[in-house]
Amino acid sequence: MGQFKIFRCSILWVSMLLVSLPGYSRAITIDHTCTDIAQIPDYWISRVKSMLKIHYAHTSHGEQITVGLERLSTADSKYSYYPDNCTVPETATHLSLMDGQYYDSYCETYVTPDLYWQGDSALDITRSVLTSFDVNISLWAWCSQLDDYSQSQTQVYLDNMTQLETEFPGVTFVYMTGNAQSQEEQNRYEANQQIRAYCRQHNKILFDFADLDCWFGNEHYTIKGIPSEHPHYWGDEAGHTTYESCENKARAFWWLLARIAGWDGGAAPTPDIKANGSDSAITVSSGSPVSITVSLEPGAKAGQNADWWIAASTPFAPPGDWYSYVHKTGWLPRINLCIQTAVFELTSFEILNMALQKGHYIFYFALDDPDGGITGTWWGMDSVAVSVE
């Protein structure tokens, strides 16, 4: 790891990319950076209530969002919420949400994959709902299926959601990652990474449920380097977590809906890091070269000063368990600042190209407040895993 090649960052200033809403021309990800709903202008809160009618299907983990929405509504009428089971509430003064799937004259509020997207009969049920009810948003939340789903099984979810999008162009479909609560860390992490990569590559809207699980404030919790539910949220007050976690996801849900309604969201920077050209986890044989590249879309932060961090967790003993890429120096042990500079559009730039020793690595690319310390508030973060066998 100490033999990482040294590269220099090249700076290219361009105008920020504009987000076109609705009718998205680029991917949108809702994650732990999207929970400060005080930033959402009142105009867009009102637009959500007057414009959007949501169809939400889920099992027990998905209740975290609905419980959180109810608690936010109780605490502040600004975020008033009107749900109903298998019926679309008629309101322009509350958030309107249809909870569940209606089929065969029965209302099912515990919606497993085979009742929304998994298989022809599931797709037919969802088609019937979308044809019969006046909704313009539809999404389905995972339980713990991704703990053991294969890559091909996860791809079926992605392909079938895309098929529904094609058939119902007047409905905005929201993709979701699974929760980060299981102990099957590696498999569910790779499945979530697969979903994230697909959404970025195909300009989808993603509600990153797993990412929201892993962060409390500026603390990112991992187990053996794999992002996992933060201990602050360990509990079972509702939906297998705490009320606080439910409320956090509900705030992110309001952010999601405001974006869909037309708010630009402040257009946070979007860092991207790839291994051998892939956003998803890769496995390579010993002796095979690994190329790590980074890129950045600046969003509304273009021109603003930020701390840039590029780091990797490794299988080595401390202090080599973490390495950082430092501008004009190269890769060094421990966590070190890459550079503090203004945010700009960085096209694909290679920071590593070499064979790695056997073991598991996770590479990170992140930006945060320009204070020289790795304390947040995070403006954007991405990661990719590499296993060398």
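## Thr91, a buried threonine

Thr91 is buried, at 14% relative accessible area. Buried means under 20% relative accessible area, exposed means over 50%, and partly exposed lies in between (1.4 Å probe, protein chains only). Thr91 is found in the loop between β3 (81-85) and β4 (95-99). Strands are DSSP runs of E with at least two residues, helices are runs of H or I with at least four, and both are numbered from the N terminus.

This is a predicted model: local features need pLDDT of at least 70, side-chain atom pairs count only at pLDDT 80 or more, and totals for chains, interfaces and linings use all residues. Residues are numbered from 1 along each chain as its sequence is written, and side-chain values use heavy atoms, with hydrogens and water left out.

What does Thr91 contact, leaving aside its neighbours within four places in sequence? The partners are Lys49, Lys53, Tyr82 and Ser96. Contact means heavy atoms within 4.5 Å. A polar atom of the Thr91 side chain lies 3.1 Å from the backbone nitrogen of Thr93. The backbone nitrogen of His94 also lies 3.1 Å from a polar atom of that side chain. Tyr81 is ten residues from Thr91 in sequence, and their C-alpha atoms are 9.8 Å apart.

## Asp272 in a strand

Asp272 lies in strand β14 (residues 270-275). Asp272 is buried, with a relative accessible area of 10%. Its side chain joins that of Lys274 in a polar contact of 2.3 Å. A polar contact is a pair of N or O atoms within 3.5 Å; within protein, one must be able to donate a hydrogen and the other to accept it, and residues adjacent in sequence count only if both atoms are side-chain atoms.

Not counting residues up to four places away in sequence, Asp272 touches Arg200, Asp279, Thr293, Val294, Ser295, Phe365 and Asp382.

In soluble globular proteins, nonpolar side chains tend to be buried together. A nonpolar core is a set of buried Ala, Val, Leu, Ile, Met, Phe, Trp, Tyr and Cys residues joined through side-chain atoms within 4.5 Å. The largest one here has 68 residues, and Tyr157, Phe207 and Phe253 touch the most other members. Helix α7 (residues 243-261) gives the largest share of this core, ten residues. A second, separate core has 33 residues, including Ala275, Leu296, Ile310 and Ile339.

Leaving out residues up to four places away in sequence, Phe207 touches several residues, among them Ile30, Ile65, Val174, Phe253 and Leu256.

## Helices α3 and α4

The axes of α3 (residues 120-132) and α4 (residues 151-167) come within 11 Å and cross at roughly 35 degrees. Their crossing is right-handed. On the α3 side, the contact uses Leu123, Thr126 and Arg127. On the α4 side, it uses Asn160, Gln163, Leu164 and Glu167.

## Backbone exceptions

Most residues other than glycine have a negative phi, and most peptide bonds are trans. Lys328 has a positive phi, near 70 degrees. Lys328 lies in the loop between β18 and β19 (330-333) and is exposed, with a relative accessible area of 58%. Arg334 has a positive phi of about 75 degrees although it is not a glycine. Arg334 lies in the loop between β19 and β20 (339-342). At 52% relative accessibility, Arg334 counts as exposed.

Which peptide bond is cis? The bond from Pro318 to Pro319 is, with omega near 5 degrees. Pro319 lies in the loop between β17 (305-313) and β18 (322-326).

Notes:
Axes fitted to C-alpha atoms, helices over the stretch in contact; angles between N-to-C directions. Left-handed = near helix turned anticlockwise from the far one by under 90°.
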